[in-house]
Amino acid sequence: MTFTRSAAALGAAIALAGAAAGIAGCGSSSPSSASSAPAKLTVWRMGGSVPSQVTWMNGVVAQFHKQFPQYKTTKVAVDWIPWGNRTTDWTNALTSGKGGPDITELGNTDTPGIATQGALSAITSQVKGWTSGSDIIAGNLANDTVSGQNYAVPWFGGVRGIWYNKDQFAKAGISAAPTTWAQLVTDAKALMKAYPGTYGLGAPSNYTNAIVSFIWGAGGQVAVQSGGKWTADLTSPQAEAGIKFYADLLLASKVSPAKYIGQTELGAPGATSGGSDEDFAKGTLDMYIDGPWAKSSLTAVSTKNASQWASFPIPSENGPNPAPAFAGGSDLGVWAKSANKTAAWDLLSVMDSPANATTFANSQGFFPDFTSQLSSPAYSSSPLLSGFAKAAGYTQISPLNSKNWGTADATDQIIPDMMKALMQGANFTATVTKANTELQNVLNTGSES
């Protein structure tokens, strides 16, 4: 799903080598009107087979047979594809025309690139005619839209928000979660005053997926695409405001410790703990940026304050709405070379029904991609989940779904290196301008120069 805890995996995007078909050639691959029941449908799921997911899928298949009795004899085979193998397997299936699925799960950062290579069937008419289609979070569906055509639908996702301790907020005199940057800093300082020896808000420099929310929260963009070309936008006044605010959490506001320079939220690059995550769990950091999936790793450090943990969305510069959060997760698409596109869509619509998507997302620590579900009592009544659920309604993906983003972020570490240099006192204009040039080159060519 490319929504793992590492920034590298979150930013990963792919280019299917050797796949020659383009978007223009995909129109004829839209689901056909053939009504004959196939003997078998093959679904490619990413990751490893675990009992809970097998049970969930078995339930979906039973619903599929009941909801579409014309397919009552159709066998549904699920192949589990390791995330690291997905590019090779997609490429081989596309170029050979053999051994491919009827439905494939994709990380949402994968989808635009896969669609552009001609591996997915256009399903625009199916999405428009689907009763649940209008309920999909618009920003997430936009990620699955290329040249005006839908090539997948969002399945589940997750976003980052800000973890905090309800008891600490109350004792610091904070009665409501902040909705602006100024309020965020004020609250961080109030917490540090109420709890001497703590820091108010962790700001690791190697944390692109948090940093971009502050760029977006000021109305800026990381990069924009037009006519197939990317233009980096880090030097716009809005983007620079977001970059400066994040750096100033250390430099000017002094609510984040210097030890997070060069760290991810999990500590030193490659570590699984020891950074702002562990400090929050121990109570030495008052607020911490991460997603709801972090709960298991936080409780592994300490359960002392777990009953008081809650969340709120990352604020925008001036409120009242949250800053857009990077939405990572998985999509579902119909394979372009499937001989059973109609049946594949019908099965996909059952897999991704609001009820099934919600059940699956909850079991994995994520959220469904349907607006109506995000306001359900299961989320709104939970102090921990309600903030994340609200954030999930304000999402953005581009350019973290561009084919060269993995190089820009995971390999070249352009934004982390920029932020690290700024936090170490480098000249702001020169540092951001350099990063902007490098980012634009990588997004367009795959190389910084």
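**Figure 1. Salt bridges across the predicted model.** Eight salt bridges are counted in this predicted model, taking a side-chain nitrogen of Lys or Arg within 4 Å of a carboxyl oxygen of Asp or Glu. Side chains of opposite charge can pair when their charged atoms come close. The views that follow take a look at some of these pairs.

**Figure 2. Arginine 86 pairs with aspartate 110 in a salt bridge.** Here the closest N and O atoms are 2.7 Å apart. Arginine 86 belongs to helix 3 (residues 86-96), while aspartate 110 sits in the loop between strand 3 (103-107) and helix 4 (111-116), so the contact ties together parts that are 24 residues apart in sequence. Arginine 86 has 10% relative accessibility and counts as buried. Aspartate 110, at 0%, counts as buried too.

**Figure 3. Lysine 434 meets glutamate 438 within helix 20.** The N to O distance of this salt bridge is 2.7 Å. Both residues lie in helix 20 (residues 428-445), four residues apart, or about one turn of the helix. Lysine 434 is exposed, with a relative accessible area of 52%, whereas glutamate 438 counts as buried at 14%. Elsewhere, salt bridges that share partners join Lys259, Glu278, Asp279 and Lys282 into one network.

**Figure 4. A closer look at glutamate 278 and lysine 282, which form a salt bridge.** Their closest N and O atoms are 3.8 Å apart. Because the two residues are four apart in helix 11 (residues 276-282), about one helical turn separates them. Glutamate 278 is partly exposed, with a relative accessible area of 23%, and lysine 282 is partly exposed at 46%.

Terms used
Residues numbered from 1 in each chain as written. Predicted model: local features only at pLDDT ≥ 70, side-chain atom pairs only at ≥ 80, totals over all residues. Heavy atoms only, no water. Buried < 20%, exposed > 50% of the residue type's maximum accessible area, 1.4 Å probe, protein only.
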